[in-house]
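Hi everyone, thanks for coming. Let's have a look at today's structure together, and I'll walk you through it step by step.

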Amino acid sequence: MFDLSSRTAKLVFGGVLVVIGFYLFFPIYWMITSSLKGNAELYRVIPTFFPQQFTFAHYWSAIAESKLLVYLGNSLIVSGASAAINTVLAVYAGYSFAKYRYAGRQPIMLFMLSAQMFPFGLLLISLYPVMTSLGLLDTRPGLILSYIVFALPVATYMLYSYFMQVPDELIDAARADGGGDLRIFHTIVLPISIPPIVTVFLYSFMWSWNDLLYSMTLIVSEDKRTIGPGLLLTYLNETNADWGGAMAASLLVSLPIVIAFMFLQRYFVQGVTAGAVK
Amino acid sequence: MTTDIADAVPARIEDYPVSPRSRRGGLQAAQRRIGLLMLLPAAAAFAFVILYPFGQALALSLFEDTLQTITPTFIGFANFKAVLTDPEVWQSFGITIIYVGCSTLGTLVLGLGWALLLNQPFKGRGVFRALTLMPWVVPSTVSAFIWAWIFNSRFGLINGLLLELHLIDVPQAWLSTPEGAMLAVILTRIWRSIPLFMAFFLAGLQNVDTEQLDAARVDGARNFAILRDHVLPHLRPVLIVVVVLGVIGGLQDFDTIYALTGGGPVRATAVLSVEVYKTAFEQWDIGTASAIGVLWVATLLPPAFFYLRMLVKGR
């Protein structure tokens with residue numbers, strides 16, 4: 001797009017690359033190297049750029065001395081279940097919006113799309129008594145249900161825009177062969193829709209995995225706590241300043257989601273920007 | 001799936017296309033039933049976790065509901081009256097505006113710059129693009145930890161750098177000052193949002209007509225003129241999408257601020273989301289919290305309106 005043959009252009013290009021690149025990537029580098037430094041090296045006023053001595057001590061202490069593994073397990077269960085529920089709901093709703101016509105279809109869809117304007121914190125005020133009266137406060141099912149708030153609207157829209165591209169001829173041909181609509185959807189449309197479905201699953205999973213607000217409020221018991229509040233309550237309090245452990249734990253809880261994204265990032269970016277909603 | 005935003009967002013709401021088959025005459029009631037059946041689970045979930053709580057919160061804002069009240073009592077608009085005359089709530093509005101304004105503007109500039117850069121062909125571009133997603137996908141608590149450590153008052157990176165450069169003589173307690181804490185939450189927010197903005201801009205850059213660019217270049221246009229006259233005008237629709245989504249996301253943001261500063265020092269970074277949370281779940285004043293929350297919805301309405309208008313009227 002730009003001509004970078006001149007010296008000034010090269011300088012500007014390189015300068016922007018270094019400045020924004022530093023801002024984006026150095027904090028990640030800092031988390032990794034800080035987690036690998038011994039305490040003597042970590043707590044210095046002038047920090048070392050590269051660890052002089054590597055140690056995995058912070059990782060062992062994060063795993064053995066805190067309940068990190070419990071939190072990770074809880075997050076895995078809660079995020080996996082809520083992502084699965086969200087994906088199933090969004091798959092059917094998206095297909096319904098894309099391929100069927102009925103009264104109220106457009107208003108309902110528009111309404112779901114605008115759901116971003118309902119503040120999550122405000123919804124929580126009323127979800128809390130609802131979950132209490134259903135006996136779901138401080139339970140994983142309660143949290144799983146609440147997580148539908150975050151991702152369902154966008155997930156539905158992402159799948160809607162995908163199903164719009166599935167040719168009607170394909171469905172018509174199957175109908176002509178005498179297949180019922182649900183059967184056609186399950187045996188013909190779904191198998192060719194795996195990439196967007198995986199994208200939507202991952203998108204929903206990420207919202208739950210990253211959440212702090214809902215988990216912190218709706219879960220009270222330590223043994224059901226997920227990683228967000230778990231990390232916060234373990235490492236960020238006035239008396240305890242274990243930054244090495246905090247960085248090691250941060251890295252460990254980020255790994256699963258970062259790895260998943262590295263593999264699926266192309267689908268993912270396409271899916272999210274196609275939705276054109278958050 | 002397309003990467004083309006202009007295609008992805010229908011120009012008019014009436015254009016939400018429906019398959020020609022179902023539009024054809026002789027529309028079968030059976031098919032309509034299947035369509036509704038498929039929508040039903042999602043609609044029920046939506047009503048249960050979004051619609052009902054929202055209505056409930058609207059109602060609660062008209063009640064006095066604190067730890068002292070056994071059953072909520074209807075008090076009309078008294079909560080709103082109290083909230084709107086409370087200087088702390090107004091302060092929270094101001095903080096929210098600064099936070100959302102600065103972080104959206106900052107992300108816009110840096111996200112656009114980064115997208116323009118990663119749109120140039122160069123070796124390792126794919127790796128850069130993939131790595132850029134990392135700040136976005138790490139959990140919010142983690143990003144708060146990273147930046148809290150960077151801003152740490154005794155051993156933080158920022159203090160270390162500034163001491164090395166002799167710009168300060170003693171380490172500063174950044175997060176204990178109102179300005180420092182605000183700077184930290186804004187920098188964290190920008191850091192987390194650049195990836196998404198970049199993705200949208202990169203998608204938008206594919207709309208730029210390269211032939212037109214080549215022609216302009218033959219006519220002697222320099223890089224800056226190309227950017228101003230040929231690239232930025234094409235990015236206008238994406239720019240609007242990104243700003244609206246950025247503002248909505250910023251207004252919704254709670255996790256990073258809460259984990260990084262807890263809304264402090266004192267109330268310096270208590271944006272509306274933090275304010276509502278603290279009023280509801282620390283002071284258990286549900287009525288007041290709901291009233292602040294309703295005002296918070298009011299701040300979300302303009303961007304949401306723009307967003308819907310974008311869908312309805314086209315750009």
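What is the mean pLDDT of chain B? The mean is 83, and 90% of the residues of chain B reach 70 or more. In case the term is new to you, pLDDT is the predictor's confidence in each residue, on a scale from 0 to 100.

Some housekeeping before we go on. This is a predicted model, where local features need pLDDT of at least 70 and side-chain atom pairs count only at pLDDT 80 or more, while totals for chains, interfaces and linings use all residues. Residues are numbered from 1 along each chain as its sequence is written, and chains are lettered from A and ligands numbered from 1 in the order in which they are written.

For the model, the scores are ipTM 0.89 and pTM 0.87. Now, where should we be careful? In chain B, residues 1-13 stay under 50 in pLDDT, and the model has 42 contacts for them beyond four places in sequence. By contact I mean two residues whose C-beta atoms, placed from the backbone, lie within 7 Å. Residues 22-26 of chain B are also below 50, with seven contacts beyond near neighbours in sequence. Where pLDDT is low, the predicted coordinates should not be read in detail.

Let's turn to how the two chains meet. Chain A brings 97 residues to the contact and chain B brings 98 residues. On the side of chain A, helix α14 (residues 243-275) gives the most, with 17 residues. Helices here are DSSP runs of H or I with at least four residues, strands are runs of E with at least two, and both are numbered from the N terminus. That side of chain A has 70 nonpolar, 19 polar and eight charged residues. For these classes, Ala, Val, Leu, Ile, Met, Phe, Trp, Tyr, Cys and Pro count as nonpolar, Asp, Glu, Lys and Arg as charged, and the others, Gly among them, as polar.

Next, the inside of chain A. Chain A has domain 1 (7-55) and domain 2 (60-275), with bounds that come from an automatic or database domain assignment. Taken over C-alpha atoms, the centres of these two domains of chain A are 33 Å apart. Seven residues of domain 1 of chain A and six residues of domain 2 of chain A form their contact. Which element gives the most on the domain 1 side? That is α1(A), with four residues.

Now follow helix α4 (residues 68-99) of chain A. Its axis and that of helix α8 (residues 148-163) of chain A come within 7 Å and cross at roughly 40 degrees. Axes are lines fitted to C-alpha atoms, for helices over the stretch in contact, and angles run from 0 to 180 degrees between N-to-C directions. α4(A) and α8(A) are therefore oblique to each other: under 35 degrees counts as roughly parallel, over 145 as roughly antiparallel, 65 to 115 as roughly perpendicular, and the rest as oblique. The contact of α4(A) with α8(A) holds 15 nonpolar, five polar and one charged residue.

α4(A) also packs with helix α11 (residues 194-210) of chain A, at about 135 degrees and with the axes 8 Å apart, which makes this pair oblique too. Among the residues that meet here are A:S75 and A:G80 in α4(A), and A:F201 and A:W209 in α11(A). By class, this contact has nine nonpolar, eight polar and no charged residues.

Finally, a loop to find on your screens. Between α13 (255-260) and α14 (272-281) of chain B lies B:P265, and the peptide bond from B:G264 to B:P265 is cis, with omega near 0 degrees. B:V266 sits in that loop as well, and has a positive phi of about 55 degrees although it is not a glycine.
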